[in-house]
Amino acid sequence: MKAPTPDEPTLRSATPLGHASGRPLTSDPLVGVVNAPTGNWIVPLPEKSHFIVGRSSECDVSIPDGSVSRRHLRVHVGTELAIEDIGSANGTTYDAKPLRPYERTVIELGHPINLGGTTLFIHAAHGIVAPGRAPRATRRPAAPAAEVVRDDALRRIYDLLPTIAPSPLSVLILGETGVGKEVFADAIHRASSRASGPFLKINCAALPESILEGELFGYERGAFSGAITARPGLFEAAHEGTVFLDEVGELTPPTQAKLLRVLESGEVMRLGSRSPTHVDVRFVAATNRDLAELVAKGAFRADLFYRLEGVRVEIPPLRERADDVIALAEFFIARLASRMNLAAPSLSPGARDLLRDYAWPGNVRELRNVVERAVVMNPKVTELDESHLVTYGFTSRPTLAPDSRTQTATDLVAAAPQGDDLQSALETVERRAIVEALEKTGGNQSAAARLLKMGRHALIARIEAYGLSRPRKRT
């Protein structure tokens, strides 16, 4: 299938994407946003389990650029999305990491894939159309994660979408890693007047400064060693759409200054160019860092901070959203079970207690990994219990809070009587930590478990193993 010319982009109908396995990656078809020296365009991707991208017109997706090999890349589509360089001349990089020939790498939607001097972004169609096309009358469906929000505080944040999304203001989303900042950014785009335009995202911490600037702003031929052709950047590709800048607090001062110019004037200056290009882009940025503190330290520009913080939204961590934990767990279980052609297992009462009591330092991302791993490793069970939920905090030995380690295991081993070993020393540390946690929390086992970053049932098991008295419930 040939790529459309830059001035005649096409988009196939939004039919479900099916694969040979019968398990769809997404309910929408996939499209490729091509960012080439000859221009930007959107090309529908074949509904196959794998397809070839290259310069040759015989490829499933043809990109007419001299830096792209005749047969450059194989894309694998299934329950995961993966790419494989098939012996290209100029190589392939994904998120700035070069791929070895015939190395297969799992990728995420929306992350940059460099084929020579061309960048390819793969997205779910979601109504994306090329710049200049008339907006569709319908909006994309609400983000799935928004449909399972149960926590009152987070629900109030999502209730702001009808106010935030239509405005032209930039949005700054704050929160710990894994709380769902990207999901909320996508929800903003879906509910905005730009929903029919592209939603492109880039992780500002994943790329070196030299590569990041080229990806964001583009470059002219000869701008630096290896720039054999001119190429527009991400901002130009996102014209009339939304750009999501993840980990924006990691931008270097020179890149901050260039980004500020785009925000203030709507003009993008490619590397090596003397004439700017006007773009119409809505910016949504996210970070897990305290930008105000970075501004005070001089590590982040105050004027850029004020521009990005047109609207400020802070997503609370999962440990403060107890009502969301089970709803999200069941959502992830059902979604993965559907992809695996399995009946979705239920959660036992003990598993539910364990999920509610755990502190979730990795937030929603960790929760998803835990329950999806349980489904994959136990495909025949109809009910998941505590033994199926495996993560660092769910082992029989807890992760101790730093202030509970009054002595190191090495110190205790050195002082222990002859015949004692590291195991007994660790048990001494663990027992002491449990006793201290129970004392600090007045015997509240759930609070003590959170302090020790372990599940309540795991804590109870350790209390019984050490012969400690179970705290009585207060009447």
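Contact here means heavy atoms within 4.5 Å. Keep that in mind as you look at these close-ups of a predicted model.

**View 1. Phe 283 and its partners.** Let's begin with a single side chain and the residues around it. Which residues is Phe 283 in contact with, leaving aside its neighbours within four places in sequence? They are Ser 170, Val 171, Phe 235, Val 243, Leu 245, Leu 259, Val 262 and Leu 263.

**View 2. The largest nonpolar core.** Now step back to the core, which has 36 residues. Phe 283 is among those with the most contacts inside this core, along with Leu 216, Phe 235, Val 243, Leu 245, Val 248 and Leu 259. Helix α7, residues 253–265, gives the most to this core, with four residues.

**View 3. Helices α10 and α12 packed together.** Here you can follow helix α10 (residues 322–339) and helix α12 (residues 363–377), whose axes come within 9 Å and cross at roughly 45 degrees. The crossing of α10 past α12 is right-handed. On the α10 side, look for contact residues including Phe 332 and Leu 336; on the α12 side, they include Leu 367 and Val 371. By class, this contact has eleven nonpolar, no polar and three charged residues.

**View 4. Helices α15 and α16 packed together.** Helix α15 (residues 445–452) packs against helix α16 (residues 456–465) at an angle of about 100 degrees, with the axes 9 Å apart. That angle makes α15 roughly perpendicular to α16. The contact of α15 with α16 has six nonpolar, two polar and one charged residues.

How values were computed
Residues numbered from 1 in each chain as written. Predicted model: local features only at pLDDT ≥ 70, side-chain atom pairs only at ≥ 80, totals over all residues. Heavy atoms only, no water. Core = buried A, V, L, I, M, F, W, Y, C linked by side-chain atoms within 4.5 Å. Buried < 20%, exposed > 50% of the residue type's maximum accessible area, 1.4 Å probe, protein only. Helix = DSSP H or I, 4+ residues; strand = E, 2+ residues; numbered from the N terminus. Axes fitted to C-alpha atoms, helices over the stretch in contact; angles between N-to-C directions. Parallel < 35°, antiparallel > 145°, perpendicular 65-115°, else oblique. Nonpolar A, V, L, I, M, F, W, Y, C, P; charged D, E, K, R; others polar. Left-handed = near helix turned anticlockwise from the far one by under 90°.
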